[in-house]
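Here is a friendly note to read with the structure open beside you. Take the points one at a time, and find each residue on the model as you go.

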Amino acid sequence: MEKDEFLTISAPSEGFYSELRSKFLAFSYHVADEKSVKCEISELKRKFHDARHVAYAYIIGVEGNVCRASDDGEPSGTAGRPILGQIKSVGLTDTLVAVVRYFGGVKLGTSRLAEAYKLAAADALEKSEKKMCFVEEVLTLRFGYERMTAVMKAVKDAGVKIVENGYDDNCILKVSMRKSVVESFCECLDRTIKVE
């Protein structure tokens, strides 16, 4: 069976970590696509133009099949990868976490640096509100007026949302439902009802 639910964050949140006078400001966002990621990163770079680095990671898609991590000039694997690891550890998708680093004048070394990015990202994610979302599918139902009662009963029993309704020679009803219930919903409809 295809996965039709995913966990994401519902609103932006912020986190913070400090190590040897270096400051790590973390920000988490809900993102639906890579265009949203670019907008958020551009805005952070504009807002924190005096910061040395804006490292980030994101995961997009129900299966988490679109993901990327950027070290933004930090040693390879010390910034983006730890941030990505935190997103994965919470089981989130459609999520971006960016960490802005202000250098404190003392080099941290790769292991301390990776730990700092990890802890800053973890703080932002811990403070974020999470929500479970469902992949929905929209169906168009066409049926004769005499079938209206039966269709409305099936819609109500299945907890399906009516998106739009209209009338021409027949009744037309657009409904939205969780992907995993489409098959069972269609099975309880009368064969005279055309599903598109």
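1. Let's begin with a pocket. The residues lining the largest pocket are R52, H53, E74, P75, R101, F103, K107, L108, G109, T110 and L113. This is a predicted model, and the volume of that largest pocket comes to about 170 Å³. What kinds of residues make up the lining of the largest pocket? The lining divides into four nonpolar, three polar and four charged residues. If you wonder how such spaces are found, rolling a probe the size of a water molecule over the atoms shows where empty space is left.

2. Next, please look at T8. You will find T8 in strand β1, which covers residues 5–9. Is T8 buried or exposed? T8 counts as buried because its relative accessible area is 0%, and the cut-off for buried is under 20%. The side chain of T8 reaches the backbone oxygen of D94 at 3.2 Å. The side chains of T8 and T95 are also joined, by a polar contact of 3.5 Å. Leaving out residues up to four places away in sequence, T8 touches H30, L92, T93, D94, T95, E129, K130, K131 and C133.

3. Now move along to S28. This serine belongs to strand β3, residues 22–30. S28 has a relative accessibility of 0%, so S28 is counted as buried. Which side chain does the side chain of S28 meet in a polar contact? The partner is the side chain of S13, at 2.5 Å. Beyond its neighbours within four places in sequence, S28 is in contact with I9, P12, S13, L96, V97, A124, L125 and S128.

4. S70 is counted as buried because its relative accessibility is 13%, and buried means under 20%. The side chain of S70 reaches the backbone nitrogen of D72 at 3.3 Å. Setting aside residues up to four places away in sequence, S70 touches A55, Y56 and G80.

5. That brings us to D72 and a point about backbone angles. D72 lies in the loop between β5 and α2 (80–90). Although D72 is not a glycine, it has a positive phi of about 45°. D72 counts as partly exposed because its relative accessibility is 26%.

6. R21 has a positive phi of about 70°, and R21 is not a glycine. Where does R21 sit? R21 is in the loop between β2 (13–19) and β3. With a relative accessible area of 60%, R21 is counted as exposed, because exposed means over 50%.

7. Last, the cysteines. A disulfide is a covalent bond between the sulfur atoms of two cysteines. How many disulfides are counted here? The count is zero. C171 is in no disulfide, and the nearest cysteine sulfur to it, that of C186, is 17 Å away. For a disulfide to be counted, the two sulfur atoms would have to be within 2.5 Å. C171 is counted as buried because its relative accessibility is 1%, whereas C186, at 28%, counts as partly exposed.

Technical notes
Residues numbered from 1 in each chain as written. Predicted model: local features only at pLDDT ≥ 70, side-chain atom pairs only at ≥ 80, totals over all residues. Heavy atoms only, no water. Buried < 20%, exposed > 50% of the residue type's maximum accessible area, 1.4 Å probe, protein only. Polar contact = N/O pair within 3.5 Å; in protein donor to acceptor, adjacent residues only side chain to side chain. Contact = heavy atoms within 4.5 Å. Helix = DSSP H or I, 4+ residues; strand = E, 2+ residues; numbered from the N terminus. 1 Å grid on protein atoms, 1.4 Å probe; cavity = no way out; pocket = protein on both sides within 12 Å on 5 of 7 lines; lining within 4 Å. Points joined across faces, edges and corners; volume = space filled by probe spheres on them. Nonpolar A, V, L, I, M, F, W, Y, C, P; charged D, E, K, R; others polar.
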